[in-house]
Amino acid sequence: MELIDTHCHLTFNDLIRDVDGVIVRSKAAGVTSWITVGTDMQENLKAIELTGRFENMYAAIGMHPHDAKDVTAQTLKELKELSQNKKVVAIGETGLDYHYNLSLHQDQRRVFAEHLRIAAELALPVIIHCRKAFDETMEVLDNHAGQVEKIVFHCFSGSAEQAKIVLEKGYYISFTGVVTFKNARIKQQAAKIVPTDRLMLETDCPYMSPEPMRKQKLNEPALMVHTAEYLAELKEMDLTDFADAITATSKTFFGLP
Ligand SMILES: [Zn+2]
Ligand SMILES: [Zn+2]
């Protein structure tokens, strides 16, 4: 089994300080490739640097919607330059977070649109962060329809109804360990209707370890196998078949070898 953690934050302090151990444990568990996601300029640079140390590691770079208020024209210019690096396989995470509201909505929308423009110019896929802003996110994406080839909703927290809308637009859906939680019925119903050629997995570590490891404070890529096991069972699929299918989907989406 060779799974790809399509969204992790390996440069965050708790993980980077033991990154060699994190990678050894991940490989041993069958999670053999990683896309580490930058959330601001400092993390973007760290993410690209880290990919130089591990063969199957790639980076996604962007400015998190939380930090939209700090994004200037200069930031976007730098982001575009950095994304030319051959280990950068996606733009993001970008999108709208109306739960924490750490930046004004108008700033979030402006920066989100700018990310879509950069991704379109460079023909890179986009990782969307969407929290309590589903309709607004779809509206921004509709305004840029046809410009960005591939879009994934990461850490999907919507309903089956919303998943259907996302799929109809041709977008992809990625689940974290949150889908394994006992109180995650709505997300589980959504996961049921997402076909494996549109479904990807991620840890979003260091956050949110999956069941039955939920008590482990620090999540890491090795634990993603529990999410894979859970979803294979939910979809009444053999684990290996499920893993092969979503790994193929992830490789196609991010253009990995
Ligand atoms: Zn996110
Ligand atoms: Zn994230």
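Student: What do the buried residues of helix H2 pack against?

Tutor: To read the packing of a helix, take its buried residues and list the elements they touch. In this predicted model, the buried residues of H2 pack against helix H1 (13-16), strand E2 (31-37), helix H3 (41-51) and strand E3 (57-61).

Student: Which residues of helix H2 are buried?

Tutor: Helix H2 covers residues 19-29, and its buried residues are Val-19, Gly-21, Val-22, Ile-23 and Ser-26. Just after H2 comes Gly-30, with a positive phi of about 100°.

Student: Which residues does Lys-27 touch, leaving out those up to four places away in sequence?

Tutor: Lys-27 is found in helix H2. With those neighbours left out, Lys-27 touches Thr-32 and Trp-34. For Lys-27 and Thr-176 they are 149 residues in sequence and 18 Å from C-alpha to C-alpha.

Student: Now the charged residues. How many salt bridges does a search of the whole structure find?

Tutor: Side chains of opposite charge can pair when their charged atoms come close. A search of the whole structure finds 12 salt bridges. One of them joins Asp-18 and Arg-25, with the closest N and O atoms 3.0 Å apart. Asp-18 is partly exposed at a relative accessible area of 35%, and Arg-25 is partly exposed at 36%.

Student: Which residues are linked with Asp-18 and Arg-25 in a network of salt bridges?

Tutor: The network links Asp-18, Arg-25 and Glu-220.

Student: What does the salt bridge of Glu-211 and Lys-182 tie together?

Tutor: The side chains of Glu-211 and Lys-182 meet at 3.9 Å, N to O. Glu-211 lies in the loop between strand E8 (199-201) and helix H9 (224-234), and Lys-182 in the loop between strand E7 (172-175) and helix H8 (185-193), so the pair ties together parts that are 29 residues apart in sequence. Lys-182 counts as exposed, at 71% relative accessibility.

Student: Is Lys-87 buried or exposed?

Tutor: Lys-87 is buried, yet has no salt bridge. Here the cut-off matters: a salt bridge needs the nitrogen and the carboxyl oxygen within 4 Å, and the nearest side chain of opposite charge, Glu-55, is 7.5 Å away from Lys-87.

Student: Which backbone oxygen lies 3.0 Å from a polar atom of the Lys-87 side chain?

Tutor: The backbone oxygen of Thr-51 does. Lys-87 itself sits in the loop between helix H4 (73-82) and strand E4 (88-97). Apart from residues up to four places away in sequence, Lys-87 touches Thr-51, Phe-54, Glu-55, Met-57, Tyr-58 and Ala-59.

Student: Turning to the metals, which residues are the protein donors of the zinc ion (ligand 1)?

Tutor: The zinc ion (ligand 1) has Glu-93 (OE), His-129 (ND1) and His-154 (NE2) as protein donors, at 2.0 to 2.1 Å. Their spacing is E-x35-H-x24-H. Glu-93 lies in strand E4 and His-129 in strand E5 (residues 126-131), so the pair ties together parts that are 36 residues apart in sequence. Glu-93 is buried at a relative accessible area of 2%, and His-129 is buried at 12%.

Student: Which residues coordinate the zinc ion (ligand 2)?

Tutor: The zinc ion (ligand 2) is coordinated by His-7 (NE2), His-9 (NE2), Glu-93 (OE) and Asp-204 (OD), at 2.1 to 2.4 Å. Along the chain these donors follow H-x1-H-x83-E-x110-D. His-7 in strand E1 (residues 3-8) and Glu-93 in strand E4 link distant parts of the chain, 86 residues apart. Both His-7 and Glu-93 are buried.

Student: Why is the arrangement around the zinc ion (ligand 2) irregular?

Tutor: The 4 donor atoms subtend angles of 84 to 178°, which makes the arrangement irregular.

Technical notes:
Residues are numbered from 1 along each chain as its sequence is written. Chains are lettered from A and ligands numbered from 1 in the order in which they are written. This is a predicted model: local features need pLDDT of at least 70, side-chain atom pairs count only at pLDDT 80 or more; totals for chains, interfaces and linings use all residues. Side-chain values use heavy atoms; hydrogens and water are left out. Helices (H or I, at least four residues) and strands (E, at least two) are DSSP runs, numbered from the N terminus. Buried means under 20% relative accessible area, exposed over 50%, partly exposed in between (1.4 Å probe, protein chains only). Lys and Arg count as positive and Asp and Glu as negative; His and the chain ends are not counted. A polar contact is a pair of N or O atoms within 3.5 Å; within protein, one must be able to donate a hydrogen and the other to accept it, and residues adjacent in sequence count only if both atoms are side-chain atoms. Contact means heavy atoms within 4.5 Å. Donors are N, O and S atoms within 2.8 Å of the metal (3.2 Å for Na, K and Ca); water is not among the atoms, so sites may look incomplete. Four donors count as tetrahedral if all angles lie between 85 and 135 degrees; four count as square planar and six as octahedral if opposite donors are over 155 degrees apart and all others between 65 and 115; anything else is irregular.
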